[in-house]
Amino acid sequence: MADCPGKNFWPELLGANGYAAAAVIERQNPNVNAVVSTNPTPTTRDFRCDRVWIWVDANGVVLRAPRAG
C-alpha cells in the first residue's frame, strides 16, 4: 500500500455515513474510486490502489476503517 499515490487509509471515517465517507475519500484522493458495499457482500480480492471498499451495515454506517486496495 505504500506505493499507492495520495492518502490511502481513513480511520477517522469509522462510524460515518458510507456515502458521505465515499465523498470525503474521493475528494481527499482523486486517484481512487470509493465503493460502498453492505457487509457481508462477496467482492473481488485483488489489490488495487485505485479502489477503496467502504463496508457499511444495514443502516449505512461505516463498519471498518476504509483503506485503498
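Arg51 counts as buried, at 7% relative accessibility; buried here means under 20% relative accessible area, exposed means over 50%, and partly exposed is whatever falls in between (1.4 Å probe, protein chains only). The model is a predicted one, so local features need pLDDT of at least 70 and side-chain atom pairs count only at pLDDT 80 or more, while totals for chains, interfaces and linings use all residues. Residues are numbered from 1 along each chain as its sequence is written, and side-chain values use heavy atoms, with hydrogens and water left out.

Back to Arg51: its side chain meets that of Asp46 in a salt bridge (3.3 Å, N to O). The term covers a side-chain nitrogen of Lys or Arg within 4 Å of a carboxyl oxygen of Asp or Glu. In general, side chains of opposite charge can pair when their charged atoms come close. Asp46 is partly exposed, at 35% relative accessibility. The structure holds three salt bridges. Another one links Arg48 to Asp50, with the closest N and O atoms 3.0 Å apart; Arg48 is partly exposed at 36%, and Asp50 is partly exposed at 33%. Then there is Lys7 with Glu12, where the closest N and O atoms are 2.7 Å apart. Lys7 is partly exposed, with a relative accessible area of 31%, and Glu12 is partly exposed too, at 45%.

Now for the overall fold. The protein chain has one helix and three strands, and from the N terminus on they run α-β-β-β. Helices (H or I, at least four residues) and strands (E, at least two) are DSSP runs, numbered from the N terminus. The three strands make an open sheet in the order E1-E2-E3, with mixed pairing. Strand E1 (33-38) and strand E3 (67-68) sit at the edges with a single partner strand each, so one side of each has no neighbour in the sheet. Helix H1 (residues 18-28) packs on the sheet and touches E1 and E2, and its direction makes about 165° with that of E1. Such angles run from 0 to 180 degrees between N-to-C directions, with axes fitted to C-alpha atoms, for helices over the stretch in contact. Strand E2 (residues 51-56) pairs with E3 in the antiparallel sense over two bridges; two strands pair if DSSP finds at least two bridges between them. Within this pairing, Val52 stands opposite Ala68 in E3.

Trp10 lies in the segment before H1 and is buried, with a relative accessible area of 0%. Leaving aside neighbours within four places in sequence, Trp10 is in contact (heavy atoms within 4.5 Å) with Ile25, Gln28, Asn29, Val52, Ala65, Pro66 and Ala68. Trp10 and Pro66 are 56 residues apart along the chain, yet their C-alpha atoms are separated by 5.3 Å.

As for the chain as a whole, 35% of its 69 residues count as buried. Among contacts between residues at least 6 apart in sequence, 37% join residues at least 24 apart. The C-alpha atoms fill a box of roughly 35 × 25 × 15 Å, taken along the principal axes.
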